Amino acid sequence: MIEIQKSPTADTRTCDYANVTKGQLYESSAMHISDVCEALNFFQSKIVQAALNHDPDKLDDIDGFHADFVTGFKQTGWWDRHRKLNRHHLTQEDGIPVDVNLIDVLDFIADCVMAGMARSGSVYPLNLPPELLERAFQNTVEMLKREVKVVA
């Protein structure tokens, strides 16, 4: 949980701006900068968590992965489970979590770029529908809002 202080004097929409002193504005601005750092630290921790949790079933279920792999993925038992277990398979409907967020989008980008560059030296064109990106954006906003507690 990120605890922040109420700070009504750093925005002309929430205060009587004509009566805010330079000192008050400075203090409110410093507090806001610190709050943004906390939010970005939260996102950073989510990115680290996504990195640490990337595709564990490729190792934990190497037998299933290998069984699908050697058929050129004509057999898809492992692959079908894999898309549901991992949040970053955003080009297939059953790989998109209901609460998809921008961390998932970054994981998708990292996955595709790193795989393409390591395997073939290039990356195929990556596209996500605007509706998916908007949903990920809104879900990320809500995720952060749930993490913030304003204290007196």
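A search of the whole structure finds 9 salt bridges, a salt bridge being a side-chain nitrogen of Lys or Arg within 4 Å of a carboxyl oxygen of Asp or Glu. The structure is a predicted model, in which local features need pLDDT of at least 70 and side-chain atom pairs count only at pLDDT 80 or more, whereas totals for chains, interfaces and linings use all residues. Residues are numbered from 1 along each chain as its sequence is written, and side-chain values use heavy atoms, with hydrogens and water left out.

Helix α4 spans residues 77-85, where helices (H or I, at least four residues) and strands (E, at least two) are taken as DSSP runs and numbered from the N terminus. Within this helix, Trp78, His82 and Arg83 are buried, a term that denotes under 20% relative accessible area, with exposed meaning over 50% and partly exposed lying in between (1.4 Å probe, protein chains only). Viewed down the axis of α4, the buried residues fall within an arc of 135°, so they line one face of the helix; the arc is that of the directions from the helix axis to the C-beta atoms. These buried residues of α4 pack against α2 (57-60) and α3 (62-69), contact being defined by heavy atoms within 4.5 Å. Ala67 is placed in helix α3 and is partly exposed, its relative accessible area being 28%. Between Ala67 and Trp79, which are 12 residues apart in sequence, the C-alpha to C-alpha separation is 10.0 Å.

Asp94 is partly exposed, with a relative accessible area of 32%, whereas Arg83 is buried at 8%. Both residues belong to a network of salt bridges that links Asp80, Arg83, Lys84 and Asp94.

Elsewhere, the side chains of Lys58 and Asp55 form a salt bridge at 3.4 Å, N to O, and Asp55 counts as buried at 6% relative accessibility.
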